[in-house]
Amino acid sequence: MKRWAAFLFLFISINLHSQKIITGIIKDAASKQPVSASIFLNNTSIGKNTGADGTFSLKIPPGKYDIIVSSVGYETYVTPAEKIIDSSFITILLKERVKELDAITLEPFEKNGWERWGKFFT
């Protein structure tokens with residue numbers, strides 16, 4: 001019984017140490033105000049939404065993953081988890097997405113357009 005308990009304790013302690021926890025805050029790069037965003041590990045189902053204060057805590061299992069942060073109106077932030085896994089608290093700054101419209105082509109009005117194209121549409 002003692003051997004079984006020792007084995008179980010060892011197995012649980014190894015699994016607990018193999019997962020890393022990353023905590024931090026997500027902020028706007030320009031105003032330094034907290035941003036509500038989604039943070040997740042690619043190719044997994046592990047992820048969370050931050051609150052209005054922008055804070056998060058994410059458990060990372062062993063392996064190589066990219067951390068992806070996305071929010072409406074901001075560029076998507078991607079970084080390897082190994083790069084920041086040794087930090088106890090990180091700050092992620094999101095840049096605003098540039099708002100550009102697609103190009104618009106204006107063509108002159110065709111005076112006899114209905115006579116020329118009317119049969120095509122009917």
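Which residues does Thr-79 touch, not counting residues up to four places away in sequence? They are Tyr-65, Asp-66, Ile-67 and Ile-84. The points below place this residue and others in a model that is predicted.

1. Overall architecture. The protein has seven strands and three helices. Read from the N terminus, the order of elements is α-β-β-β-β-β-β-α-β-α. Among the contacts in the protein with a separation of 6 or more, 51% are between residues 24 or more positions apart.

2. Burial and surface. The protein has 122 residues, of which 25% are buried.

3. The largest nonpolar core. This core has 18 residues, and the members that touch the most other members are Ile-26, Phe-56, Ile-67, Val-69, Ile-92 and Leu-94. At least two core residues come from each of strand 1 (20–28), strand 2 (38–41), strand 4 (55–60), strand 5 (66–70), helix 2 (81–84) and strand 7 (89–94).

4. Val-69 within the core. Val-69 is one of the core members with the most contacts to other members. When neighbours within four places in sequence are left aside, Val-69 is in contact with Ile-26, Ile-92 and Leu-94, and also with Ala-37, Ser-38, Ile-39, Glu-75, Thr-76 and Tyr-77.

5. Ser-70 in strand 5. Ser-70 lies in strand 5 and is partly exposed, because its relative accessible area is 24%. Not counting residues up to four places away in sequence, Ser-70 touches Ala-37, Ser-38, Phe-40 and Thr-76. Ser-70 and Ile-39 are 31 residues apart along the chain, yet their C-alpha atoms are separated by 6.7 Å.

6. Thr-79 in strand 6. The residue of the opening question belongs to strand 6 (residues 77–80). Its relative accessible area is 4%, so Thr-79 is buried. Among the residues that Thr-79 touches is Ile-67, which is also listed among the core members that touch the most other members.

7. Thr-50 sits in the loop between strand 3 (47–49) and strand 4. The side chain of Thr-50 reaches two backbone atoms: the nitrogen of Ala-37 at 2.8 Å and the oxygen of Val-35 at 3.5 Å. Leaving aside neighbours within four places in sequence, the contacts of Thr-50 are Ile-26, Val-35, Ser-36, Ala-37, Thr-55 and Phe-56. Of these, Ile-26 and Phe-56 are also named among the core members that touch the most other members.

8. Ile-60 in strand 4. Ile-60 is part of strand 4. With 1% relative accessibility, Ile-60 counts as buried. Ile-60 and Ile-46 are separated by 14 residues in sequence, and the C-alpha to C-alpha distance between them is 8.1 Å.

9. Positive phi angles. Most residues other than glycine have a negative phi. Lys-32 has a phi near 60 degrees, a positive value in a residue other than glycine. Lys-32 is placed in the loop between strand 1 and strand 2, and its relative accessible area of 44% makes it partly exposed. Asn-43 likewise has a positive phi, near 60 degrees. Asn-43 lies in the loop between strand 2 and strand 3 and is exposed, with a relative accessible area of 77%.

10. Which residues make the nonpolar surface patch of about 590 Å²? Trp-114, Trp-117, Phe-120 and Phe-121 make this patch. Trp-114 is found in helix 3, which covers residues 113–121. Trp-114 counts as exposed because its relative accessibility is 64%, and the cut-off for exposed is over 50%.

Notes:
Residues numbered from 1 in each chain as written. Predicted model: local features only at pLDDT ≥ 70, side-chain atom pairs only at ≥ 80, totals over all residues. Heavy atoms only, no water. Core = buried A, V, L, I, M, F, W, Y, C linked by side-chain atoms within 4.5 Å. Buried < 20%, exposed > 50% of the residue type's maximum accessible area, 1.4 Å probe, protein only. Helix = DSSP H or I, 4+ residues; strand = E, 2+ residues; numbered from the N terminus. Contact = heavy atoms within 4.5 Å. Patch = residues over 30% accessible without salt bridge, like charges linked within 9 Å, V, L, I, M, F, W, Y side chains within 5 Å. Areas by Shrake-Rupley, 256 points an atom, 1.4 Å probe, with all protein chains shown as cover. Salt bridge = Lys/Arg side-chain N within 4 Å of Asp/Glu carboxyl O. Polar contact = N/O pair within 3.5 Å; in protein donor to acceptor, adjacent residues only side chain to side chain.
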